[in-house]
Amino acid sequence: MAAQIESVALATTPLDAYLNDAIANNPTLAQASFEVEAERQRLENLRARFYPSLALQARASVAEGGRTIDFPAGDLLNPVYSALNAQAMANGQPAQFPTVQNQSIPLLRPTEQDTRLIVRGPIYEPVLDRQVLAQTQAMNAQEAARQQVKEELVRDLKTAYWQFAQAKARENILQVSVRTLQENERVNAVLYKAGETTLDAPRRAEAETLEIQVALREASTQALLAQEYFNLLRHAPNYSNVALPDEELTPPEIRTLLDELKPNTQGSTPAPALTRLERSLAAQRAQLDASRAAYKPTLGYSIEGGYQGRDYSTGPNTGFASASVVLNWTLADAGIRSSEVARSQAQVQALEARTRHVNRQLQLAKLQARENLLVSLDNIQARISQRAAAEESLRINERKRNAGETTQVEFLSAEQSATRARLGLATAVYQARIDHAVWQYNNRNIPEPGPQEGAQP
């Protein structure tokens with residue numbers, strides 16, 4: 001199916017060109033593409049954490065006051081110095097030792113700067129490995145979601161296109177019926193003037209014409225709404241013209257169509273909805289592994305180098321460098337990690353159950369789409385015979401009416417039968433096209449559901 005959709009780029013019919021325009025311009029599909037890109041950038045963010053980071057850290061401070069360290073240098077040294085000076089003076093020598101003051105050293109420097117480059121990186125970080133794997137699968141799931149949006153858009157566009165064609169065919173058939181009834185109204189008016197029929201005949205003919213004109217007005221409204229819905233899907237301006245195939249619905253064309261619409265091929269591509277769930281499940285399992293890996297230690301490194309001092313001078317003893325290996329191992333956290341593991345396990349089980357359910361739904365949708373298409377094809381066969389019989393009856397009654405050999409009731413009954421038969425065939429043909437588009441979307445390679453592991457919480 002994916003290959004079929006990609007091949008739409010080579011437009012061979014008006015519908016192919018509309019599909020190309022819609023894929024290029026549809027805002028829902030564009031939104032899905034942006035969401036894929038957002039997931040890709042999250043993955044790049046995680047991958048970048050394996051590489052070292054380089055940071056510049058600079059600090060300049062001005063301080064006043066604060067705590068001090070008091071050192072009683074005077075109290076300790078002055079008595080000794082005084083005794084030594086007295087002894088020297090007794091020997092006729094001058095005093096040699098000064099008086100020392102007590103010292104008060106401030107803890108905060110009046111001015112200080114610290115400028116350094118820091119290189120940090122992981123050495124062993126098991127959680128990050130699992131997170132990268134989980135995000136990879138999450139991105140793949142979003143890509144599958146985008147593919148699902150794309151294929152649903154193609155299905156809806158085909159359905160809307162053939163619904164519009166169906167409405168236009170109904171409108172055209174009713175226009176023919178109006179012209180036939182208007183001619184019948186004219187003929188009955190002539191016959192009434194000639195005295196060959198009573199007044200109820202032209203009145204009945206006029207009433208039937210008015211009734212079909214109302215049905216034609218309803219059909220025109222349905223065609224307009226179908227056209228605008230198709231324009232909405234392909235993101236075209238309102239009231240844009242939509243080219244329809246030139247089909248006469250002759251028996252040879254219908255036989256060719258029946259051969260084209262038969263569901264003979266078996267799907268070989270997986271369903272995007274199922275692929276999305278499977279990849280989401282893989283992402284959640286990787287997230288569960290990441291939660292379990294949180295019990296393990298992490299190991300990293302840090303290298304720093306720069307300058308410190310009272311100012312920004314780069315003289316001796318101002319530069320420094322250091323290298324560290326940092327081990328971080330959380331030994332107890334009051335059950336935070338265990339609850340995260342239990343939550344991830346529950347999410348895995350929920351996705352497993354959801355995947356099994358969706359698998360069965362897709363199998364049913366595939367079977368239903370095939371059976372609906374087969375019923376539509378059989379309906380076309382029956383409608384062909386009905387139309388042929390009704391049109392032949394109408395031709396006979398037209399000749400009889402023109403010759404005055406049939407009643408008004410018989411002619412109107414024949415005309416109504418012919419109109420219903422034409423409408424029935426057109427409806428059946430385009431319904432088969434719609435069912436074929438739905439079958440194309442649902443004709444997938446859907447595996448049987450796996451064993452129901454973890455079905456119970």
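Colleague: What relative accessibility does Phe97 have?

Modeller: First, this is a predicted model: local features need pLDDT of at least 70, side-chain atom pairs count only at pLDDT 80 or more, and totals for chains, interfaces and linings use all residues. Residues are numbered from 1 along each chain as its sequence is written, and side-chain values use heavy atoms, with hydrogens and water left out. Buried means under 20% relative accessible area, exposed over 50%, and partly exposed is in between (1.4 Å probe, protein chains only). Phe97 therefore counts as partly exposed, at 34%.

Colleague: How many aromatic pairs are there, and which residue forms one with Phe97?

Modeller: Rings of Phe, Tyr and Trp (its six-membered ring) pair if their centres lie within 6.5 Å; planes under 30 degrees apart count as stacked, over 60 as edge-to-face and the rest as tilted. That rule gives 6 aromatic pairs. In one of them, Phe97 is stacked at 5.0 Å centre to centre and 20 degrees between the planes, and the partner is Tyr81.

Colleague: Where do those two sit, and how many residues apart are they?

Modeller: Helices (H or I, at least four residues) and strands (E, at least two) are DSSP runs, numbered from the N terminus. Tyr81 belongs to helix H4 (residues 73–90), while Phe97 is in the loop between H4 and E3. The pair links distant parts of the chain, with a separation of 16 residues.

Colleague: And why is the pair of Trp162 and Tyr430 stacked, and how many residues apart in sequence are the parts it ties together?

Modeller: Their ring centres are 6.1 Å apart and the planes stand at 25 degrees, so the pair is stacked. Trp162 lies in helix H5 (residues 126–193) and Tyr430 in helix H10 (residues 408–442), so the parts tied together are apart in sequence by 268 residues.

Colleague: Which residue in E5 is the bridge partner of Arg120?

Modeller: E4 (residues 111–124) is joined to E1 (residues 53–62) by 10 bridges, and Arg120 in E4 stands opposite Ser53. Another 11 bridges join E4 to E5 (residues 298–309). There, the partner of Arg120 is Ser302.

Notes
Two strands pair if DSSP finds at least two bridges between them.
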